[in-house]
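Reader: I would like to go through this model feature by feature. Please give the general idea each time, then the case at hand.

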Amino acid sequence: MKVYIFFLLIITLSSFSRNLSGNSLFSDHRARKVGDIVTVMINESSSASNEAKTTTSSSAAIKLAGQGTGPLDFIPQVGLDGSNSNSSSGSGKTERKGKVVAVVTAKIVDILPNGNILLEGNRVIEVNGEKQITTVSGMIRPQDIDDENVVLSTQIAGLEVNYTGSGAVADAEEPGIISRFFGWLF
């Protein structure tokens, strides 16, 4: 019996030390207040294409023939023949694809009167002077946050994801001043 009480006391003390935040041992520890942290799993892909094709044609023919009659019957047969044909064909196609996969930890910045949550977060990674910056913002419902305080990007209303970079590689991808001038000119 003494051993049982001893173990019960140890379990109670260890539970108390793990829960110094003042929350109940049985409460849900999901993010729900301004300043709480939520992990956003970004897995977005988009694809769009548009294709158009037009074909038109028209043709016309005219023929006039005849021979003089009466006092003008000595005029040989006169003929006029002509035709016109017009056709046109055109087609166009555009296609665009994009994909972003990332994990960003965001902070709750506001709780709306209806209980929905506004969150914002960013992640900056710098390797050899190259910065990669991922930012995310949007609105979520409290029930979309799972037990691990993770929300999927597909559950975020008004989702904005920006993925930018700066450094030598990003600078090399930009066209030079002469290319930009000719692009502006033409």
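Reader: What percentage of the residues of the protein count as buried?

Author: Buried means under 20% relative accessible area, exposed means over 50%, and partly exposed lies in between, with a 1.4 Å probe and protein chains only. Of the 186 residues of the protein, 15% count as buried. This is a predicted model, in which local features need pLDDT of at least 70 and side-chain atom pairs count only at pLDDT 80 or more, while totals for chains, interfaces and linings use all residues. Residues are numbered from 1 along each chain as its sequence is written, and side-chain values use heavy atoms, with hydrogens and water left out.

Reader: Which elements does the protein have, and how do they run from the N terminus on?

Author: Helices (H or I, at least four residues) and strands (E, at least two) are DSSP runs, numbered from the N terminus. Here there are three helices and six strands, in the order α-β-β-β-β-β-β-α-α.

Reader: What does Asn-116 touch?

Author: Asn-116 sits in the loop between β2 (78-111) and β3 (117-127), and counts as buried at 17% relative accessibility. Leaving aside residues up to four places away in sequence, Asn-116 touches Asp-110, Ile-111, Met-139, Ile-140, Arg-141 and Pro-142.

Reader: How many salt bridges does the structure hold?

Author: A salt bridge is a side-chain nitrogen of Lys or Arg within 4 Å of a carboxyl oxygen of Asp or Glu. The structure holds two. In one, Arg-141 meets Asp-144 at 2.8 Å, N to O; Arg-141 is partly exposed at 43% relative accessibility, whereas Asp-144 is buried at 12%. In another, the closest N and O atoms of Lys-97 and Glu-95 are 3.7 Å apart. Lys-97 is exposed at 63% relative accessibility, and Glu-95 is partly exposed at 47%.

Reader: Which residues form a nonpolar patch on the surface?

Author: Patches are made of residues with over 30% relative accessible area and no salt bridge; like charges are joined within 9 Å, and nonpolar side chains (Val, Leu, Ile, Met, Phe, Trp, Tyr) within 5 Å. Accessible areas come from the Shrake-Rupley method with a 1.4 Å probe, and for residues only the protein chains shown count as cover. Met-41, Val-103 and Leu-152 form such a nonpolar patch, with about 230 Å² of accessible area together. Met-41 lies in strand β1 (residues 37-66) and is partly exposed, at 35% relative accessible area.

Key: Contact means heavy atoms within 4.5 Å.
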